[in-house]
Amino acid sequence: FIGRMSGRLLGVGRPRAALIRLNARPAAMLGRRLLSSAAMPEELVQVERRGAVAIVRLNRPEKLNALSLPMFRAIRAAAKSINSPKLSGVRAVVLCGAGRSFCAGLDVKSLMRDPLAMRRTMAELLETNAETGATLAQEVGYLWRLLPVPVIAAVHGVCLGGGFQIVLGADFRFAAADSKFSIMESKWGLVPDMGGTLALRELIPLDVAKELAMTARVLSAGEGHLLR
């Protein structure tokens with residue numbers, strides 16, 4: 001932990017860490033308090049402060065927290081809010097998902113519903129932000145890497161495509177034993193261009209990263225834990 005954060009603060013390359021840290025408890029027990037949202041407003045992404053920890057919860061459980069354009073916007077806003085005066089003094093961030101899974105990836109059905117709207121959506125997702133040098137699609141993972149505090153992803157259920165690329169922006173990934181991970185973009189003939197492939201190279205050998213990106217192989221939490 002100290003070496004990882006020191007590397008970030010000094011601006012040097014990050015040392016290799018575990019891709020996934022396995023939590024042997026079932027998903028129902030992993031972060032039970034983190035997943036509870038009974039007292040929270042019905043926002044697409046909820047940001048809750050608990051002492052010095054900010055809990056950022058993806059909150060579209062009926063769609064397994066799949067990524068629609070409003071969801072992309074909400075995740076970006078949540079990441080930026082960590083540095084706001086309201087959250088002054090936060091020492092760590094935990095990313096999690098409401099419902100049965102962390103994130104099922106891009107909500108393809110919502111994009112395909114209206115071809116004209118899809119063009120506008122893709123234009124917004126792929127427009128480069130002059131301030132960060134990243135697109136909106138990339139910022140949902142990249143902005144967590146810019147925070148001056150450790151970011152922990154608590155994963156349960158499926159973590160696919162864009163969801164996997166989001167957690168690759170975290171400093172640590174802890175997963176329930178029944179979690180499933182995959183870079184799904186190649187299944188649809190797409191390039192995983194949300195920044196996940198660059199982050200993946202920091203965590204596992206290049207040939208393994210290529211294999212995962214090119215085959216869309218589904219990893220169990222246990223298999224991910226063994227990758228180095």
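Q: Which residue is the bridge partner of Leu22 in S7?
A: The bridge partner of Leu22 in S7 is Ala175. This is a predicted model, in which local features need pLDDT of at least 70 and side-chain atom pairs count only at pLDDT 80 or more, while totals for chains, interfaces and linings use all residues. Residues are numbered from 1 along each chain as its sequence is written, and side-chain values use heavy atoms, with hydrogens and water left out.

Q: What makes S1 and S7 a pair?
A: Two strands pair if DSSP finds at least two bridges between them. S1 and strand S7 (residues 172-176) are joined by 3 bridges and run parallel, so they meet the definition. Strands here are DSSP runs (E, at least two residues), and helices are runs of H or I with at least four residues, numbered from the N terminus.

Q: Why do S1 and S2 stand at the edges of their sheet?
A: The open sheet has 6 strands in the order S1-S7-S5-S4-S3-S2, with mixed pairing. Strand S1 (21-23) and S2 each have a single partner strand, so one side of each lacks a neighbour in the sheet.

Q: In what sense do S2 and S3 pair, and over how many bridges?
A: Strand S2 (residues 45-50) and strand S3 (residues 53-58) pair in the antiparallel sense over 6 bridges. Val47 has Val56 of S3 as its bridge partner. The two strands form a hairpin with 2 residues between them, and Gly51 in the turn has a positive phi of about 65°.

Q: Why are H3 and H5 called roughly parallel to each other?
A: The axes of helix H3 (residues 69-81) and helix H5 (residues 115-125) come within 10 Å and cross at roughly 20°. Angles under 35 degrees count as roughly parallel (over 145 is roughly antiparallel, 65 to 115 roughly perpendicular, the rest oblique). H3 and H5 are therefore roughly parallel. Axes are lines fitted to C-alpha atoms, for helices over the stretch in contact, and angles run from 0 to 180 degrees between N-to-C directions.

Q: Which residues of H3 and H5 make the contact?
A: Leu69, Phe72 and Arg73 of H3 and Thr121, Glu124 and Leu125 of H5 make it, where contact means heavy atoms within 4.5 Å.
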